[in-house]
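Good morning. Please keep the picture in view while I talk.

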Amino acid sequence: MYDLIMKISAWIVPLFLLIVFIYASYKRIKVFDTFVEGGKEGFALAIRLIPYMVGIFVAIGIFRASGALDLVIKFLMPILLLIGVPAEILPVLIVRPLSGPASLGLTIEMINQYGPDSFIGRLAATIDGTTDTTLYILAIYFASVGVRKARYSLPVGLMADIVGFITAIYITTIVFK
């Protein structure tokens, strides 16, 4: 069964591309020209987003360097210890909604320090996989399309992150503890 799954997974992307090319030929779409046009638009979008990305990375750096991250960790630590979550996981919980690369860096540090098969390493990796970078998405994606009134986006995004955190903690505890 495993061999069959491996063979199917190896052919999914090439078959998908073949289907796209056949469909494009049927519809008389110039695939390469369309690809080049999309590349131009993507490059222009990347140039427009650079100031927002720099702003987010500077804000995250200030947040960490100012000691605000440590203050939030001290505030939340008793709550997590009460429910049996290791305090070492707090930086990932706090940074994940802000920045994917920063939380991935923290996850890698934890895996290097505690090991990939440790509860902390598995929990950090699960949190990274079950949550998203809400504030980053709001700043970058909304700015790229010109959304000015995000209204419920931030509360709903943060609620989704909290649900992801709780789910990751619950699943990781059940499966690995």
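First, a term. A pocket here is an open set of grid points with protein on both sides within 12 Å along at least five of seven lines, and a lining residue has an atom within 4 Å of a point. Rolling a probe the size of a water molecule over the atoms shows where empty space is left. Keep in mind that this is a predicted model.

So which residues line the largest pocket? They are Leu76, Ile79, Leu80, Ile83, Leu90, Leu93, Ile94, Ile162, Phe165, Ile166 and Ile169. The elements giving two or more residues to that lining are α3, residues 68-82, α4, residues 90-95, and α8, residues 153-176. Of these, α8 supplies the largest share, 4 residues. By type, the lining has 11 nonpolar residues, no polar ones and no charged ones. The space in this pocket comes to about 200 Å³.

Next, the packing. The largest nonpolar core has 21 residues. Those with the most contacts inside this core are Val85, Ile89, Val92, Leu93, Met110, Leu123 and Ile127. Two or more residues each come from α3, α4, α5 (100-114), α6 (119-130) and α8. Take Ile89 as an example: leaving aside residues up to four places away in sequence, Ile89 touches Met110, Ile120, Leu123, Ala124 and Ile127.

Apart from that core lies another one, of 6 residues, and Leu98 is among them, as are Leu49, Tyr136 and Ile140. Leu98 sits in the loop between α4 and α5. Not counting residues up to four places away in sequence, Leu98 touches Ile56, Ile60, Phe63, Leu135 and Tyr136.

The loop between α4 and α5 also holds Arg96. Is Arg96 buried or exposed? Buried means under 20% relative accessible area, and Arg96 counts as buried because its relative accessibility is 10%.

Technical notes
Residues are numbered from 1 along each chain as its sequence is written. This is a predicted model: local features need pLDDT of at least 70, side-chain atom pairs count only at pLDDT 80 or more; totals for chains, interfaces and linings use all residues. Side-chain values use heavy atoms; hydrogens and water are left out. On a 1 Å grid over the protein atoms alone, a cavity is a set of points where a 1.4 Å probe fits but cannot get out, and a pocket is an open set with protein on both sides within 12 Å along at least five of seven lines; lining residues have an atom within 4 Å of a point. Grid points are joined across faces, edges and corners, and a volume is the space filled by probe spheres set on the points. Ala, Val, Leu, Ile, Met, Phe, Trp, Tyr, Cys and Pro count as nonpolar, Asp, Glu, Lys and Arg as charged, and the others, Gly among them, as polar. A nonpolar core is a set of buried Ala, Val, Leu, Ile, Met, Phe, Trp, Tyr and Cys residues joined through side-chain atoms within 4.5 Å. Buried means under 20% relative accessible area, exposed over 50%, partly exposed in between (1.4 Å probe, protein chains only). Contact means heavy atoms within 4.5 Å.
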